[in-house]
Each structure stands twice: as structure tokens, then as C-alpha cells.
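The following paragraphs guide the reader through selected parts of a protein structure. Please consult the sequence and the coordinates alongside the text.

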Amino acid sequence: MSSTGGETSKMNSFVKKVKMGKRVEKMMKDKSGTTTGQEIADDDPNKTPEPYTCTGIFEADFTEFCRRNHLKDNEIPAVVIRPKPPGIQPPPDAKSKDSKDSKDASKDPTPDESPDTGSQEDPPPKTYVTKEKYAYFRPVIQVEMENDEKPITVTEIYIRGWKIDLLMVGIFKQCWPTIEKLSVVNLWNVNLSEAVIKEFASFLPQCPNLKTLAIDGTICVEESWALLIGEESLLTSLSLRNNGITDKGAAMIGKALSTVKTCNKNLISLNLSGNKISDIGATSIAQGLRMNRALLSLSLANNNVSNEGAKRLAEVLSRFPLTHEEVVERRKLLSEKGSPDRGLVKSPPPSRRGDNRPGSVRSSSHMDKTDKKRDKSSKKKQDGKKGEKEKEDTRSIRSSADGKKDKDDATKGGSKKDDKWKKGFMKASIAGGSRTSVVPPTSQPISNASIVADTMTKTKGKKTSSKDKRLPESDSPEMVEAINPLLEQVENMDNQLWIPGNRCMINLNLSRNNITEIGMKSLLLAVQYQITLLNLTPSPALKGILRMSLNGNAVKKTDETFMKLQEVLLTRDPYYKPPEKGEDNQSLAG
């Protein structure tokens, strides 16, 4: 019995061990199943990744967004530093070299008999860099930095020879606005579509310091380049060279520069060289320059512009008549601006209004005020002579006080000069928005309402501080206001209103076109008109054309008109230095 009991106990322990082993295996299987499930869940491409915040480092942000858009590592364009030509080291100074040799000789009077010539040789110059096979044809983004050791200081981005699609421009849309120092973007042969240009135009204004954009050698079938210089654009320089732009694209660019109601106020330089713009396109661009006073440099080199286009550009530079639409807009601007005499005569004085509302707006308590006026009139009738005596007394007191103030102001150089200045300002403002009108040198322009308020306070007899009466000194800088071209002085000739042309542009490039002697005459007259206008009314901000490139046109260099135009432009060139008399005498003697 004892033997059978021991056997049963052994069997029970064995069964327990087997059960425990099965449980452990089951638990291990469950654990392995959960881990594999987690790995599968982590590798699931449909899972939405966590949001990524840009660091401002272009290479890290660009690589991360490419991976999130399911691009493989070998498909992601590399971000590299733009190669630069090898710098030329300056030759060593002979004096320093001699002093160094003398010091070495003084230290070691017995030089080595067998100097090591190999160690003194300079390393070979690094004029080229070897790369892997087909590495040159892979998409690469070249960048320039202020400091190569700090990748956050990217200032310029260059892309060469590969197509930018909507996926890639979407990645740029997330990266570029976070680069604080990005100021230049240069694209060449990138094959953009209209949708991609729209995306560029939507987020480029969000880049805080991006001012220069060059898209060269890129053909867009829709020619929607005008989207890049819309009203919200902050670009100051735009280059669209060799893009096959025709008259269709030039017409859209002309409308983007300015219309009667809109104007681009930031673009300073526009380069349209190497395109297919004819006289029609040049006329459209000239139309855009009528109301634009921001563009300083325009290049239409190597196009198909002939005499008609040159005439239209010359007309915009000299003077031109206003169209019916422009005359209507001018009248609207003048009515909105208003004249000082209208404000003085028609508007009720501020003393009759408790607030600063215009005279046409009636307050809700108008009836109460009329009742109070009736009560006051009845009281005045009852008082009779008492009120008249009080008025006479107050007038005598005011006259004596004003006489004392005039004497004090005369000793200080005060109110009489102020009154003369105000009268001159009133006459100039009535003349109608010309550039020669007097502009107050204060930080804020003096309005008509303030002048009326001053006169009303004087009649009330209130004391005004000396700070309010005194005008700022002449040393303070004058305020310069941007005036709409439609508000300039006009001349009425042949029942048309003529205004001065665009005198803000200083550089015009019309080289390598089809302009003959007829177009040269128009350009010469335009430049001469600008010179005479500058002599009559000198203005430091309106100097007119200073440089005009006309080489390579359908006119001989010995032509009289061409030579005269070159002589006039040579004296206006800011980089021109007239030869000294001593040099002329030496050349004649030689």
C-alpha cells in the first residue's frame, strides 16, 4: 500500500508540472502575439503620424516631411552647401618673410645642410571635386548659409534641373516660412505648372525675409507668372528670364503692376529678358507703369520690341493723357480727400457738436437740444440788457488778453509766423494735391479740422499752451507722403487732362531688340522732357531715367539720334566720371 501511495503522489506531481508547462507556453504565445501585433501596428502606413513642429533647420525639416509623404531615402533630394570657386590666397609679404628668416637665423645660426624640400611644397589646389557615377544627375537642393557650422542660418536656396511638382511644393510650403533668414530663392529649369505657381504665390508672402525670387529657363504653358506679384506679394526683385513669355503673359504682368484701382507697391526690379514679348506686350507693360511708382528697374532685353513698343514706353516716361476711367477715379479721389474751404464753410463748427461726428450724422438727442435752445432764447429775451452788458465786458477782457499774448508771441517769434505758415498751407492744399504743395514737417499732417479747432478755441478765449502754438524747428525731417499719380498737377490740352509720366524708374534695358531711328527719337524726347521737368521742379526722389541700355538694336551706332541719346544718358549715369583736364591735355600731346 505504501508503494502504491508513493506512485500516485508521483503521478499527481507530474500532471501538475505538465499543466504548468502548458500554461507557461500559452502565456508566452500570448505575449509573442501581442508584440508582433504592436510591431505590425507601428509599421502600419495608414496610421496617422504625430504632428511635427518645424525646427527652422531646413535639412532636418525637409527630410522629415519627405519621409512623412512616403518618399524613400534614395528618392529624397539631398541638401548640400552650394559649391564656391576656390579662393586665391594672397602672396606672402616680403618684409614679413625676411623678418621671419632673420629671426630663425638668429635662433639657429647653423641651418640644416639637407632641408626637407617635400614638406615646404604647397598642396595642390582643389579646383574640382570627384563624385559618384550619375551623382550629378540626381536632384539636389543647394543652400548658402551665413555660417556653415550653423545649419539654421540658411539664406539662399538654389534648385537646378528637376521638376517641382505639387508634392514637393507642399513640402516647401511647410519648411520655408520657418527659415528666418531666407532671403533668396533661385530656380532654374524646374518645369512649373499653373497649380504649382499658385501654391508658390500663396505661401511666399509668409516667408518673413524672402525678397528675391528668380525662376529662369522654366516654361509654363498658362503663363501665370503674374500671380507671383499680386497685391499681397512682398517680393522686391523678380527675374523671369528665358521663360518663353509671350504677349499673353506680358498683359497679365502689366495688370499686376498697376491698374486704375490697384498697384504693386513692393516690386523694385523686374527682369523679363530673353522672352517673346512684342510691341503688344510692351504696350501692356507700359500700361502697367502708368500708375506704378515703385518699380525702379525694368529689363526687356532680347525680345521682339520695335518702334511701337518704344513709343508707348517713351510716352509713359514723359507725359500722357488720362483715360475716361482714370478721370472718373481722379474725381473720386478728390471728392474723398475734400478741400479745406469746403470743410471750413459747409461743416458746422465743433462747438455745436458735443462729439466728433460729421455734420450729416444727427444724434438721437436732437429734439432735446432744440428744446434747450428754445429755453435759452426765452431766457435771453427775459434778461435783455444784462446779457449784452456781460458780452461787452467779456469782449473787452479778451481783447486785452489777446493784445498781451500777441506781444509775448512777437518777442518769441510765435503766432504771427504760425498764422502766415497756416495761410500758405491752406492755399497750397486748395491748389489740389500737387507735389509742390507745402507739407507740414510734423510727425502727423495738420488737418483742416485741427486748424478750425484752433480758431474756435481762440474765439472762446481758452488759454493754449506755448507747446501747442510753436511749430517744430526747421531742422526736423520733413514728412514724405506717397501721392497717387492721379492727384498730381494736370494740364488741359485738346480737351484732355495730361499728367507727368513715370519719373521713379531709373533703369531701362531695351538692348537686342528691333528698335530703329524712329523709336530712338521718341526715347530721346522722353529723356529730354524729364530733364527739363527736373530743372523746373527739382525733386530728390524723382530724377527720371539714369541708365538706358540700347545696344544691339536695328540702328547704326553712327546714327545722329542714337549718338545724341547716348551723350545725354552718359551725363545722367551715376557711375560716369568726366575726364579731367590734365588727362585730355596728355592725350592730345601724345
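**A loop residue and its surroundings**

Leaving aside residues up to four places away in sequence, Asn513 touches Leu300, Ala301, Asn302, Asn303, Asn304, Val305, Gly552, Asn553 and Ala554, where contact means heavy atoms within 4.5 Å. The model is a predicted one, in which local features need pLDDT of at least 70, side-chain atom pairs count only at pLDDT 80 or more, and totals for chains, interfaces and linings use all residues. Residues are numbered from 1 along each chain as its sequence is written, and side-chain values use heavy atoms, with hydrogens and water left out.

Asn513 itself belongs to the loop between β12 (507–509) and α17 (517–536). Helices (H or I, at least four residues) and strands (E, at least two) are DSSP runs, numbered from the N terminus. With a relative accessibility of 3%, Asn513 counts as buried; the term buried stands for under 20% relative accessible area, exposed for over 50%, and partly exposed for the range in between (1.4 Å probe, protein chains only). The side chain of Asn513 also reaches the backbone oxygen of Leu510, at 3.1 Å.

One of the residues touched by Asn513 is Asn302, which is found in the loop between β8 (297–299) and α9 (307–317). Asn302 is partly exposed, its relative accessible area being 40%. Its backbone deserves attention: Asn302 has a positive phi of about 55° although it is not a glycine. Most residues other than glycine have a negative phi. Glu223 is another non-glycine residue with a positive phi, near 55°. Glu223 counts as buried, at 9% relative accessibility, and is found in the loop between β5 (212–216) and β6 (237–239).

**Strand β5 and its partners**

The loop that holds Glu223 leads from β5 to β6, and these two strands run parallel, joined by three bridges. Two strands are said to pair if DSSP finds at least two bridges between them. Within this pairing, Ala214 has Ser239 in β6 as its bridge partner. Strand β4 (residues 184–188) also pairs with β5 in the parallel sense, over five bridges, and here Trp188 stands opposite Asp216 in β5.

Together with helix α6 (residues 194–203), β4 and β5 make a right-handed β-α-β unit. A crossover is right-handed if, with the strands pointing away from the viewer, the path from the first strand over the helix to the second runs clockwise.

How enclosed is β5 by the rest of the structure? Four of its five residues are buried, so β5 is largely enclosed. Thr212, which lies in strand β5, is partly exposed, with a relative accessible area of 28%. Not counting residues up to four places away in sequence, Thr212 touches Ser183, Val184, Val185, Leu235 and Ser237. The C-alpha atoms of Thr212 and Leu234 are separated by 9.3 Å, the two residues being 22 apart along the chain.

**An antiparallel sheet**

Elsewhere, three strands form an open sheet in the order β9-β11-β10, with antiparallel pairing. The edges are taken by β9 (319–321) and β10 (491–493), each with a single partner strand, so one side of each is left without a neighbour in the sheet. On average, neighbouring strands of this sheet are turned by 35° against each other, direction ignored; axes are lines fitted to C-alpha atoms, for helices over the stretch in contact, and angles run from 0 to 180 degrees between N-to-C directions. Three bridges connect β10 with strand β11 (residues 496–500) in the antiparallel sense, and the bridge partner of Met493 in β11 is Gln496.

Technical notes
Polar contact = N/O pair within 3.5 Å; in protein donor to acceptor, adjacent residues only side chain to side chain.
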